[in-house]
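Hi,

Here's the structure I said I'd pass on. Have a look at it first, and my notes follow below.

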Protein chains: 2
Amino acid sequence: MKSDHSHDIGAKSWLASANDAGTPFPLQNLPFGVFRRAGTNEAFRGGVALGDQVIDLAALSEAGVFSGLAADAARACAQPALNAFFDMGKHAWRALRHALFALFGSGGPQDAAKRCLVPQASVEYGLPARIGDYTDFYTSIDHARNIVKLLRPDGAVSPNFQWMPVAYHGRVSSIGLSGQKVRRPCGQRMAAGAHVPDVGPCERLDYELELGIFIGVGNPQGERIPVASAEDHVFGLCLLNDWSARDIQAWESTPLGPFLAKSFATTLSPWIVTMDALAPYRTSWTRPAEDPQPLPYLSSAVLEESGALDIRLEVALETAMHRRDALPPTRLSRTSFRHQYWTLAQMVAHHTVAGCNLRSGDLLGSGTISGPSRDEAGALIELTQAGHAPIHLPTGETRAFLEDGDAVVMSGWCERPGYARIGFGENRAQVLPAKWD
Amino acid sequence: MKSDHSHDIGAKSWLASANDAGTPFPLQNLPFGVFRRAGTNEAFRGGVALGDQVIDLAALSEAGVFSGLAADAARACAQPALNAFFDMGKHAWRALRHALFALFGSGGPQDAAKRCLVPQASVEYGLPARIGDYTDFYTSIDHARNIVKLLRPDGAVSPNFQWMPVAYHGRVSSIGLSGQKVRRPCGQRMAAGAHVPDVGPCERLDYELELGIFIGVGNPQGERIPVASAEDHVFGLCLLNDWSARDIQAWESTPLGPFLAKSFATTLSPWIVTMDALAPYRTSWTRPAEDPQPLPYLSSAVLEESGALDIRLEVALETAMHRRDALPPTRLSRTSFRHQYWTLAQMVAHHTVAGCNLRSGDLLGSGTISGPSRDEAGALIELTQAGHAPIHLPTGETRAFLEDGDAVVMSGWCERPGYARIGFGENRAQVLPAKWD
């Protein structure tokens, strides 16, 4: 989607908090999630973030202010998961976006709309969709190079990396939302030089900064999605923390890949920023001339023009000491999704090339997002050189890996001259002590 | 569960076909599935196989012939997926088994029960549960050794194999039932000696003979399941074909494991044989004295006494020539699940040791089941020595790997002196030609 009037930087809302300079959720954003009033037994239903409010789509649908496709879309959003809405496809997504933009824009009628607002401070979130399958990719060449340097000093990135967006299946049951308390996992580790593994609490607990990609429209089993139309199948993106137990991972992952080192938890931010909202922040995607060019099924002219997304990302750490001393979280790194070696469209096209069917609500993880410079790394193992170069925090503490009580706080936003700044909100989750024996 | 009266070899049903010598579904079996009359829009509901009939559990529940826990269990089975029934736990599973055994046993009242029978020949099956996650294990040391010998002549089985039941996450969306037509996948392969991959239809399409394990009762995230009680969480088993594209697999699997080489299809047999029905066919599980003994969290005295299951398994191949000449499928191999290096209980305990939550209806694959001798191999790649020793079929054809039109037919059964022979029925699926251009 090219930029349209719903991206106008001059557009304001009659809802004052949507016009605040610092809000991640101005009128140009309109991200989707699922919520209810906290502490109630209300049904979860779809909502859209605007300023410091949630637009209750069930209430809005009930109020009957929309007509046509936008009304049908709002009705689909009244359910406790957005799968049916996703499945309606991009025309429905766009119709609802434009209807919301008009209703909450400064000239819009306020009476009915006001009654559909719920303060974000008073809600709790649900997973935005029933996630049928979760696939985690491996698409940052800087991450791949950093990891290989640490783990195999004489090695190179695996030869398939430059030819395909490598991926593996992840675990759905343990996916949670920002606010999740993650118990430190236990498992088998083989110490360097040992011949017998031991088992106990993970000693190298890490996060991975990723984007979560929600599939909007799926494909029939046996029919691949061409790269040129692949993005029509993507609804939008959120922030994803791919928790990783590095000691468990090192011992278990040969030959079948990571399993328990990842499956204990994955944390998502509650709001999905739509591909429509992200349109102005597209940028060209190129492959270094000395690298292999993508095979035809992963190649398209549109990709080169605008296949990458300049999504700025940041990870911060808040320890118990930060909380005690009322210090803000310490920023660990900042990078952009535009550095990724493979694009969203290529991930979708590759995922389906062998006939695997995607379904509405499926989740893809982008893989760790690390940029070219050292302070752009998306995981502690990279930032601390596998623990050899601990980070010094303003609290006087150091960190090689995560300690109990640590909260990992991810945030993301887009900005570009002539366009509004839109945000993803926050993805925050905290480590609980292990339970063993 | 020790053997009880529901395993009595002398027990007969008033339904004659349940007493036929050849039936996989005598009164002692009573496997669960989901079905409806073929070609109708009826709701899918739970059923139990008996002789050549399906006991319609929705109709039975409606008829009100059971009381107490068995009635509650039958009511839970009236739904289009058995997750709620699974979640009731082993007392409910057993209560329903015993009530069915009494109702359909030779002394049972026949009038109401007869009205709840539907001929198997007239039904179609649904997936027995909403599968939240699918995990595929790697637990046959004979399979592991066979594969390593073929792919890395100087290599050894990875060192973690003897310490843990290695596993990886599989794909849920493409799981189908016996009768599935599987389109030959396409994808990237790197030919030996080449420096650039090509993409196209798989040239080394294979099956893997496995058992599918349905989780009955899950565990909360962060809480592991002890090995001693792990089997209480297992509802039962079916036959599973883990289709594998060997050329795609070889190129994509480093470092994150198999992905598109597996995710295009997985085929299940429709009937789940319960752990209760399998009780008489338990056998001792031992670890060779020279091998590492399991770590405490994978170890229990009960395992050594009866941790293994003597489930006989067979794979046969039916080509288009077999069908043209009305020949029966050609048996490719026969083995038993008792050879497996790791048990069901160990798989469940290991899966949860890091805190990963299992949910009712989750599916585990046992991993390829190969026995110690050459003709007990559970995949073509082993039987044909990676294609170097093609199989000769009675049709005059040879097979290195699967050809279009080939049907893979898996079957399984248990037998033991003094007990009935119970079967799993059939898992049959056929290869369709690739779509590529």
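I started from one histidine. Leaving out neighbours within four places in sequence, A:H143 is in contact with A:Y138, A:E208, A:T368, A:S370 and A:E382. Keep in mind that this is a predicted model. I picked A:H143 because the UniProt annotation "active site" covers it, in an unreviewed entry, and such annotations may be inferred rather than shown by experiment. A:H143 sits in helix α6 of chain A, which runs over residues 141-151. Its relative accessibility is 6%, so A:H143 counts as buried, the cut-off being under 20%.

Now the interface. Chain A and chain B bury about 5500 Å² between them, with 60% of that on carbon and sulfur atoms. On the chain A side, A:H169, A:L256 and A:F259 supply 15% of the area buried against chain B, more than any other three residues. The contact takes in 60 residues from chain A and 60 residues from chain B.

As for polar pairs, the rule finds 34 residue pairs in polar contact across the interface of chain A and chain B. It also gives six salt bridges across that interface. One salt bridge joins A:R171 to B:D133, where the closest N and O atoms are 3.4 Å apart.

Several elements of chain A give two or more residues to the side that touches chain B, among them β6 (134-138), α7 (246-252) and α12 (344-352). The largest share, four residues, comes from β7(A). By residue class, that side of chain A divides into 29 nonpolar, 21 polar and ten charged.

Cheers

Conventions
Residues are numbered from 1 along each chain as its sequence is written. Chains are lettered from A and ligands numbered from 1 in the order in which they are written. This is a predicted model: local features need pLDDT of at least 70, side-chain atom pairs count only at pLDDT 80 or more; totals for chains, interfaces and linings use all residues. Side-chain values use heavy atoms; hydrogens and water are left out. Buried means under 20% relative accessible area, exposed over 50%, partly exposed in between (1.4 Å probe, protein chains only). Contact means heavy atoms within 4.5 Å. Buried area is the accessible area (1.4 Å probe) that two parts lose on being put together, summed over both. A salt bridge is a side-chain nitrogen of Lys or Arg within 4 Å of a carboxyl oxygen of Asp or Glu. A polar contact is a pair of N or O atoms within 3.5 Å; within protein, one must be able to donate a hydrogen and the other to accept it, and residues adjacent in sequence count only if both atoms are side-chain atoms. Ala, Val, Leu, Ile, Met, Phe, Trp, Tyr, Cys and Pro count as nonpolar, Asp, Glu, Lys and Arg as charged, and the others, Gly among them, as polar.
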